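Here is a short briefing for a first look. Keep the sequence and the structure side by side as you read.

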Amino acid sequence: MDAATAPHRIPPEMPQYGEENHIFELMQNMLEQLLIHQPEDPIPFMIQHLHRDNDNVPRIVILGPPASGKTTIAMWLCKHLNSSLLTLENLILNEFSYTATEARRLYLQRKTVPSALLVQLIQERLAEEDCIKQGWILDGIPETREQALRIQTLGITPRHVIVLSAPDTVLIERNLGKRIDPQTGEIYHTTFDWPPESEIQNRLMVPEDISELETAQKLLEYHRNIVRVIPSYPKILKVISADQPCVDVFYQALTYVQSNHRTNAPFTPRVLLLGPVGSGKSLQAALLAQKYRLVNVCCGQLLKEAVADRTTFGELIQPFFEKEMAVPDSLLMKVLSQRLDQQDCIQKGWVLHGVPRDLDQAHLLNSLGYNPNRVFFLNVPFDSIMERLTLRRIDPVTGERYHLMYKPPPTMEIQARLLQNPKDAEEQVKLKMDLFYRNSADLEQLYGSAITLNGDQDPYTVFEYIESGIINPLPKKIP
Amino acid sequence: METSSRELQAAEYLEKHQIKELVSYLTSALLFFRPEKPKEYLISLLERLRIAKVTGVAFPFFMDNSNIVAMFEMMDSSGRGTISFVQYKEALKTLGLCTEDEDLQDDGHKITLDKFKEEVNKRMKEIWSAF
C-alpha cells in the first residue's frame, strides 16, 4: 500500500455530510471552549458541552450613545429571540446575590458601579440556566475598554455586536422627548413612539437627566470610550444607523443577528444555476469556473460533446438530435453521472446549468446523490431576454459572434453577411421561456434554500451577487 | 511575531492532553460513520473513552485486528508472510503512528504479521493512554 504516493480519494459523501451537519463549526466551538476554560479533565468537560448544545443561541451585545434606542431594540430582540436581557439596572436588582447588594449600595452612592464588580455580576448571571439555554443580550455593557477586557478574560464572547450610531444633534433632540413607563420600564417618545393607550400615556414620567447639557456630557463620555471598545470585537461588529425609524433599525439588527459569520470550514462549491434561456447562466458559469477553478458542466454541451466524440452514449443520443427531440432523462442522467463522478469534479466542485428542466429531472439528480449546496435562480424579464437573444448574430466567414446592440459588427460589410441562429428566432425563444416558467414554480419549491437574483444587470454585478451567495453561509430561515 | 504567554500556555495545554489528536479522531469517526445525530454520537464516543480510561477496557479503535491483517496482506503482495522494513515504516507513517524522523531500528529481519500487529497495537495504546 503505497499511500505516500497515491492521492487521497475521499468519497464525496464525507464532505457533503460535513457541510450539512456543520461538523467543522461544531468542532471549532468545542475546541474554543476547551481553550478558554482549560479544564483539567477535558473529556467530561466536552461531554457536558455537547449536552448543553448551545452553539447557536444568541449572544449579543448592543452598544450605542444615549437616546439611540438601545434599550428599545434590546427589548424587542429579547422578545423575538426569547433570550434574557441583561442591563445595568436589572443586574444590580438581583436579590439573591451578595455581589448585587454590594453593587446596589455603590450605585446609590456614586451613580456608577466599579468595573470589577459589574463584570462579576455578569459572570454570575450568565452562569444561570436560562442564559445558557436561550442566550443573552447585553444592553450597554461594556461601556469602557476596561470592562470589555475583563469580560474577555472571563471567556465571555458575544457572537454579534451591534453599535448604533447617529449624529449628536439628532440624539440631543431626541433625548428631550424621552418618557418612561414606570410599570413596565418601556421607553416611549413624545414624537416617534407615542403609546396608543391613554392609561399608559397618563402614567408616563419624565426621566431625570435628559436636559441638553446632560445629554451632551454623556455623549462626550460615550464617544471617548466607544472608540476603544470597538477594536475588541473586530469581525463580529456591525454599525447600524439609529437615525431611522425604530422598526427599520430593529429589522436590520434582527437580520444581522440571525445570520452566521463566514467560517473557515472547507467547502467545495456545488453550484446550480437555474433560469430561462438567455438569462446569462452560461456566462456566469464560465466566470465562476475561471475564477474559482470549478468545473463548468453545461448539460447541452456535454451531450453535444458525446455525439461529436462518438462515444457509446453519443451513438445513443444522436438519433434524438437528428429528430430534434429532447433526450430522455435516463440517458441524460447517465451522461451527467459520468462527468460528475470524475475526480476533478469531486475535488474542485462544479457549476451545473441547463439541467434540471423540471421536477422529474431534479428528483433524479437528487437520487443519484448530486446535491448542489448553492442554488441560484436568475430572473430576467421577458423583454430583456428577447432583446438579448433575438439580436444575436454570427459572421459565417470569421465565426465571430456579434450582438446588434451590445457588440455591433464594426463594418457594414460584415453586417451585411451576418446570419441568425434559427434557435434565436422570436417564437422559439418564447416557447423555451414558457417551458421554463411552467416548471419553475415546482423547482423553486424543491430547492427551498435557493437564492433569487436579478439577472437584468451587467454580468459583473450579477457575478458579484453570485459570489457573495456562495461565500457567505446560507441565511437561516426565520421561523 | 512573539507568542504571548497565554498562547504558549494554550499550546502547552493542547500538547499535554493531546487535544489535537482527540479532536482529529472524533472528526474522522464522524465523517467515516456519518451518524444521523452527530452530537449524540460524539457524546457516546466520549463516554466510551471516559469509561475506558477509568476501567482500562479496550479503547474504541478505528482499526481493529482484521484491518491490520488486511493492510499487511495488501503490502505483502507476494504472500511471503513478511514485509520489508521500508514498507513497514511507510505503513506506520500512514497510520499516523510514527513521526518522520523517528529512528526505527532495522534489525535485518523482515517484519512479520505478528510483529506488525504488536507494534501497531503498542503505539495505539501509547497514544490513547494520554487521553
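Domain bounds here come from an automatic or database domain assignment. For chain A that assignment gives domain 1 (57-165 + 211-257) and domain 2 (270-298 + 328-471). The C-alpha centres of these two domains of chain A lie 48 Å apart. Bear in mind that this is a predicted model.

**Chain B in outline**

- Chain B holds 6 helices and 2 strands.
- Read from the N terminus, its elements follow the order α-α-α-α-β-α-β-α.
- Chain B has 131 residues, and 37% of them are buried.
- Thr82(B) belongs to strand 1 (residues 82-83) of chain B.
- Thr82(B) has a relative accessible area of 18%, so this residue is buried, the limit being under 20%.
- From Thr82(B) to Leu26(B) there are 56 residues in sequence and 33 Å in space, C-alpha to C-alpha.

**Salt bridges**

- Side chains of opposite charge can pair when their charged atoms come close.
- Over all chains, the count of salt bridges is 16.
- One of them pairs Asp395(A) with Arg417(A), with 2.7 Å between the closest N and O atoms.
- What does this pair tie together? Asp395(A) sits in the loop between strand 12 (392-394) and strand 13 (401-403) of chain A, and Arg417(A) sits in helix 21 (residues 412-417) of chain A, so the bridge ties together parts that are 22 residues apart in sequence.
- Is Asp395(A) buried or exposed? Asp395(A) is buried, with a relative accessible area of 0%.
- Lys430(A) is partly exposed, with 36% relative accessibility.
- Glu426(A) is partly exposed as well, with 41% relative accessibility.
- In chain B, the side chains of Arg50(B) and Glu47(B) form a salt bridge of 2.9 Å, N to O.
- Arg50(B) and Glu47(B) are 3 residues apart in helix 3 of chain B, so about one helical turn separates them.
- Arg50(B) is partly exposed, at 34% relative accessible area.
- Glu47(B) is partly exposed too, at 24%.
- Asp53(A), Asp55(A) and Lys39(B) are joined into one network by salt bridges that share partners.

**Positive charge on the surface**

- Which residues gather in a patch of positive charge on the surface? They are Lys304(A), Arg357(A), Lys423(A) and Lys432(A).
- Lys304(A) is placed in helix 15 (residues 299-309) of chain A.
- With 46% relative accessibility, Lys304(A) counts as partly exposed.

**Cis peptide bonds**

- Ile141(A) and Pro142(A) are joined by a cis peptide bond, with omega about 5°.
- Pro142(A) is in the loop between strand 3 (136-139) and helix 9 (145-153) of chain A.
- Another cis bond runs from Val355(A) to Pro356(A), with omega near -5°.
- Pro356(A) is in the loop between strand 10 (350-353) and helix 19 (359-368) of chain A.

- His22(A) is not a glycine, yet its phi is positive, near 55°.
- Where is His22(A)? His22(A) is in the loop between helix 1 (13-20) and helix 2 (23-37) of chain A.
- The relative accessibility of His22(A) is 45%, so this residue counts as partly exposed.
- Arg34(B) is not a glycine either, and has a positive phi of about 45°.
- Arg34(B) is placed in the loop between helix 2 (19-33) and helix 3 (38-55) of chain B.
- Arg34(B) counts as partly exposed because its relative accessibility is 29%.

- Phe321(A) lies in helix 16 (residues 312-323) of chain A.
- At a relative accessible area of 33%, Phe321(A) is partly exposed.
- Phe321(A) and Phe382(A) are separated by 61 residues in sequence and by 28 Å in space, C-alpha to C-alpha.

Notes
Residues are numbered from 1 along each chain as its sequence is written. Chains are lettered from A and ligands numbered from 1 in the order in which they are written. This is a predicted model: local features need pLDDT of at least 70, side-chain atom pairs count only at pLDDT 80 or more; totals for chains, interfaces and linings use all residues. Side-chain values use heavy atoms; hydrogens and water are left out. Patches are made of residues with over 30% relative accessible area and no salt bridge: like charges are joined within 9 Å, nonpolar side chains (Val, Leu, Ile, Met, Phe, Trp, Tyr) within 5 Å. Accessible areas come from the Shrake-Rupley method with a 1.4 Å probe; for residues, only the protein chains shown count as cover. A salt bridge is a side-chain nitrogen of Lys or Arg within 4 Å of a carboxyl oxygen of Asp or Glu. Lys and Arg count as positive and Asp and Glu as negative; His and the chain ends are not counted. The place of a charge is taken as NZ of Lys, CZ of Arg, CG of Asp or CD of Glu. Helices (H or I, at least four residues) and strands (E, at least two) are DSSP runs, numbered from the N terminus. Buried means under 20% relative accessible area, exposed over 50%, partly exposed in between (1.4 Å probe, protein chains only).
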